[in-house]
Structure formats: C-alpha cells, structure tokens
Amino acid sequence: MARDLEEYLRPEVKSTPFCPGCGHGTLMNLILRAIDELKVSMDEMLFVSGIGCAAWIPSPNFNADTLHTLHGRAIAFATGAKMFNPKLKVMVISGDGDLTSIGGNHLIHAARRNIDLTVICANNMIYGMTGGQVASTSPLGAISSTTMEGNIYRPFDLCKLVLGAGAPYVARYSVTQPLSLVGAIKKSLTTHGFTFIEVLSPCHTQFGRRNRYDSPSDMLKMLMENCVSKEQAEHLSKEELKDKIITGEFSDGGA
Amino acid sequence: MKFEEIASTLPPRTYYFSGNEAVAEGAIAANCRYYAGYPITPSSEIMERISIRFKDVNGVFMQMEDELASICSVIGAVWAGAKAMTATSGPGFSLMQEGIGYAALTETPLVIVNIQRAGPGTGQATRVASGDLMQAKWGSHGDYHIIALSPWSVQEMYDQTIEAFNLAEQYRVPVFIMGDEATGHLRERIEVKAKVKVFNRIKKLGAPPFGTDQVDGIPPMPAFGEGEKLLVTGSTHNEFGFRKTDDPLVHSKLVNRINNKILNNQERIIKTESYHLDDAEVIVVSYGFTARSSLYAMDELRKEGKKVGLLRLKTIWPFADRIIHQIGGKAKKIFVPEMNRGQIIGEIMKYAACEVIPYNQTDGEIIHPHQIIRELRYLLNNM
C-alpha cells in the first residue's frame, strides 16, 4: 500500500492478510486511490463484504464503517443499510464465489431494483480461502482441488449477467490495468444506481500453481496478454478471441 | 432506563383486527421503520399491511428475493439505525436461521415473527402447528440465547410485538414472536391505547460496541454514519469488532457474555400467567393458541369442583424453569397439550419433580377444549 493512502486505513492494521502474488492488495490500493481522487469522506462510506479473501479488503482495513457479513449475503445487508439511510455511500467488495455463486440471486435482484450501490467483484476464478475449489467463474479445463481432471462447466460472463439484470453501469478490468480501474471505480461511485465492476485479480496460491503458472508474475503476464479492450475485440475473429478476456465499460450510466 | 412513552400512531380505540394485522400495527406502534420479507403462507398479511401502512409513517418496506435476503437486509438496516422486523412461516423460518445466528453474535436487535404452520417440509401451508419452538432456540449453529414470546390472542399479537421490540433493544438480541396460523388468522376486537412505551437504543459514542466490563453486560450500540467507523463482523471479535478467530479467550468471553446477558436476566424477561395454581392437583402448562382451549377446559372442570390449574407461558425462551420447578413440587400431575410431537414438555420434564403427561396433536387442527376436558377427566379419575 502506498504511504500516501495510509490515512484511509485503520491505525490498528499493521499488515496485509493476502498471500504473496495476490491481486487483492493492488485492488485495495486502487479503490482507496479512487476515493482519494474523488475526495469522498470516509465518514460517508459504508463498506460491506461477504466471506472470502476479497471480503478482507475492506474489513478490518478501511477506516470507515465496515460490515463483514455472511457468505453470499453482502448485497442483501447493503440493501437494508442503504434503503434505511440513503445518505450512506455504500460499496460492496467481495469475491466471485461470494457475489455470483452463493450470492448470485441477491446480485441480479439488486441490479434489477437499481439499488444505489457500488459492487466490486474481485474475480480470482477460484475459491481461495477454502483451498482452491472450482468456482462458477473458473475457465473451462481449469484444474482445482475439486476438478483434478479439469473443469467441465462453462464460467459465467459476470458482466453480461449483471447487464441482463439491468444495471446502469457495468465494467470489467484486470488489476494489471490500474488506471482504467481507478477511472471505473470513480465512475461507479459517481453514477446513481446499481454499478458493478468485475476485477480480475490473480490467485497464485490456489489457481496459478495448479494451472501451470510457475510464479505469480506468470499469472500477471497471462492477464496482460489475454485482456483485450472491447474496441480491440470488435476486430478479432471468434478464433482469435478464444481465451481472451474482454475488458472495458459495457454500460456507462445511460440507463 | 431508556423507556419513553410515545403517542400511538393509530388513534386510540377498539379495532377489529386479524392477528397478522395486529402484528403489523404493533410493529409500527413500537417505531419499527424497516421491514423486509418474502411472501409465505400463513404470514403474508403482515407484509401486506406493512406495505400499505408504512406510507403513513415514512417506513421503508422491501419485498426481497427470498428469506435469506429478508433477514440480512433487516440486519443491515438495524446497523444503519433502524428498528426493523421480518415475518415468515415454515420453510422461510428455516432459511432465516443463518442470519439469526449472525444477529445473535453481532448482538443485532431485531424482531422475527413466525406464524407457525404444520411441517416438516412444505407440510400443510395453511394449517396450524407449533412445531418450531425448539428451532427458535436451536435453529442456528453454535451456542446462543434468544428471546421467544408466545401470543394467544389478537390483543397479545399487538402487545407482544411492541414488547418484542423493547426486549430486542434492551438486550441487543433477536426476539421471536412465535405465533401460529390460528392466532394469525383469528379476528378479534383489540384495544389500542393512546400511549406506547418504547425502549430507545442506548448509544454511547466512543464506547466499545461489542464488549463490557461485566460478564453479562449489554454494550451500547452506535449506527453507521455516526462517524464511529464501526467494524461489524459475524466472526469472533473483540470489544471493538476486530476479528480474533483463533483466540480462545476472546471467543469464550464473547460467547459466554451473549448467553449470560439473557440467562442472568431471565427473571426480568420471563412472563407467565397463573390460574388456580394454589390448590391445583393437576396443572395444565400451555402456551399460544392451545392455552385458550386449556383455559376453557380448566374453567369447565372448576365448575365441577375439580382441582385443575393453568400455567400459561407467555415467554417460551428463556424457559420458565423456576416456576416449573415450583409447581412441579406441589402438583400431582402436569398436563402439557401441544400442537407438535412434544417440544416444550421436554423442558418441563427437566425441571418438574411430578409426573408430566403429554398430549400431542399434529394433524393441522387446533386442540379443542373438549379434547383437553376429556383427557383431564381421565387423569383426575385415575389419581
């Protein structure tokens, strides 16, 4: 974490809870940078998270109101807090398993209702905290502790899912695209209504080492090589787009 | 004490309400301003009335996508400063159990109404039972204590809902109203008084929100947005909310306190009603709708000079162990009619020295007075 953002952390927090090579520390940095650039007061913010590694990004680290909830239910808790006190600026930060598998129903319904929440989904494509089981976001063929011969089910396209549910702002970036990501977080915080950002965040400990990425940097390289902007993607064939991750803004607040 | 008398939102007079409507009105009277729920028979009328009446009082009503979301959004609203409630039945109550455990550990005051129907499974959605009493106490994993009330009339659906909010705030605990289909759909005349006594949440800015010096203390409770930079978690936490999930001392201190704060105050919490206990040879211990039939049966037998008494449990949890111990030392027999396979009788047998006789019915029908009269006659003739 950059020193200039230390004021956003609780004084009691002395170290990161994340593994070496984890993308969540970078994401933590970028969220605080967006808040810093927007000059949003931490007194107005409420951070809600579920269960899993990504849920530890705000709790206990962020020096604001933080609500660390049940597995999958962060958006439901956030809905109650926001609806009762609309003055709170509510950001949900949690993982892909939490928000889109066990909590998938709350995600699409909050998007459908257009509740004024910012939801940041740190997608590491695996259940990290529980030991690397396959997720609803794991790529086809991915090796996990419950798919030793490779994942046979297609992953969710989270952005399409949330767009389909009617969210006015939906974006996807990787932690290897920090400037775009800060821009997207700022946009989501200033867009009224339900906003969703899928952030690709590598998990070397549980995903990378099982899937032939020899070091954490290899996973970052993979993300840098495979992420293509949606504008670039328009000029690529179906064959060329295989294994690519399309990034960008898929709906920009117009709804 | 932080009790305050406020004016009733409903003009004071008599009303002709169903039990479910009375619950909604009791909640509004107690300053409940957030409600989240999901449709389920036989409790839906509570949500329907709230959805209309909250417009008059600036309440926030959310019909959520399921019962998991309902209880969780209620907890979120409570931490944002609301007095909040949800109501459900049968399978919906099962779905809420995880959230109930979270509320117990985070000491979140809220009210959960269970209009009980016949289970297990989907069971008989439109029929009466009181099969969820043990679930109210033991439904979520781990060791915790809650408060559960058992209304027997439409008036009590109203009064106990107000009481439930006050108990929830005083003890920072989930409080259950264990109604049933019969009481929920019963229509009776009720009296709405001009003043309502409500307990206001105790706030002490800067004080630890999850710990006190006493082993059974109840910490003050701030809300989000008050600048407290609150740290709330359903994992084991110290007095300021920091996760301490591998610290045996922090865990035992926390779990013991959330249990002791209820158990050590149980004499203040528990309410019972006694009829002819002094000379009774057979005492009926009853609760909820069945207590109406029990009272009728007792009155009929008293007319014949039979020494029958009635103890009505208005509070189910914490359990009225001391009074059961007392009457169990005096009466010859205790008779326990229940619309389940025998739930509260187990608690009674733990504390009563005398013979305890069950009467169980699980056919989705109420237990009628004549059934109790018949059973009591048999008991009295064979003593």
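This is a walk through a predicted model, one selection at a time.

Some ground rules before you click. Because the model is predicted, local features need pLDDT of at least 70 and side-chain atom pairs count only at pLDDT 80 or more, while totals for chains, interfaces and linings use all residues. Residues are numbered from 1 along each chain as its sequence is written, and chains are lettered from A and ligands numbered from 1 in the order in which they are written.

**Stop 1: chain B as a whole**

Select chain B and zoom to fit. Its C-alpha atoms fill a box of roughly 70 × 45 × 40 Å along the principal axes. The radius of gyration is 21 Å, which agrees with the value near 21 Å for a compact globule of 383 residues (taken over C-alpha atoms; the globule rule is 2.2 Å times the number of residues to the power 0.38). Switch to cartoon and you have 14 helices and 18 strands in chain B. Helices (H or I, at least four residues) and strands (E, at least two) are DSSP runs, numbered from the N terminus.

Of the 383 residues in chain B, 54% are buried. Buried means that 20 or more other C-beta atoms lie within 10 Å of the residue's own; exposed means 12 or fewer, partly exposed is in between, and C-beta atoms are placed from the backbone.

**Stop 2: two domains**

Now colour B:3-199 as domain 1 and B:272-381 as domain 2; these bounds come from an automatic or database domain assignment. Their centres, taken over C-alpha atoms, are 27 Å apart. The contact takes 22 residues from domain 1 and 19 residues from domain 2, where contact means C-beta atoms, placed from the backbone, within 7 Å.

On the domain 1 side, look for S7 (124-128), H6 (133-138), S8 (147-149), S9 (174-180) and H8 (181-185), which each give two or more residues. H6(B) gives the most, with four residues. By class, this side has 13 nonpolar, six polar and three charged residues. (Ala, Val, Leu, Ile, Met, Phe, Trp, Tyr, Cys and Pro count as nonpolar, Asp, Glu, Lys and Arg as charged, and the others, Gly among them, as polar.)

**Stop 3: a covered strand**

Select B:333-338, strand S17: six of its six residues are buried. Show side chains and you'll find B:Lys333, B:Phe335 and B:Pro337 pointing one way, with B:Ile334, B:Val336 and B:Glu338 pointing the other way.

Which strands pair with S17(B)? S14 (282-287) runs parallel to S17(B) and is joined by three bridges, with B:Val284 partnering B:Phe335. S18 (355-360) also runs parallel to S17(B), joined by six bridges, and there B:Lys333 has B:Glu355 as its partner. Two strands pair if DSSP finds at least two bridges between them.

**Stop 4: where the chains meet**

Bring chain A back: 34 residues of chain B are in contact with 28 residues of chain A. On the chain B side, S3 (34-37), S4 (60-63), H3 (67-79), H5 (97-105) and S12 (231-233) each give two or more residues. H3(B) gives the most, with nine residues. The chain B side divides into 20 nonpolar, nine polar and five charged residues.

**Stop 5: the nonpolar core**

The largest nonpolar core has 190 residues, and A:Ala81, A:Val92 and B:Val111 have the most contacts inside this core. Domain 1 and domain 2 of chain B both give residues to this core, so it lies between them. A nonpolar core is a set of buried Ala, Val, Leu, Ile, Met, Phe, Trp, Tyr and Cys residues joined through C-beta atoms within 7 Å.

Centre on A:Val92: among the residues it touches, beyond four places away in sequence, are A:Val48, A:Ala78 and A:Ile120.

**Stop 6**

Finish in the loops of chain B. The B:Thr41 to B:Pro42 peptide bond is cis, with omega near 5 degrees; B:Pro42 sits between S3 and H2 (44-57). Another cis bond joins B:Gly119 and B:Pro120, with omega about 0 degrees, and B:Pro120 is in the loop between S6 (110-118) and S7.

Last, B:Asn31 is not a glycine, but its phi is positive, near 80 degrees. B:Asn31 lies between H1 (19-29) and S3, and is buried, with 20 other C-beta atoms within 10 Å.

How values were computed: Two residues are in contact if their C-beta atoms, placed from the backbone, lie within 7 Å.
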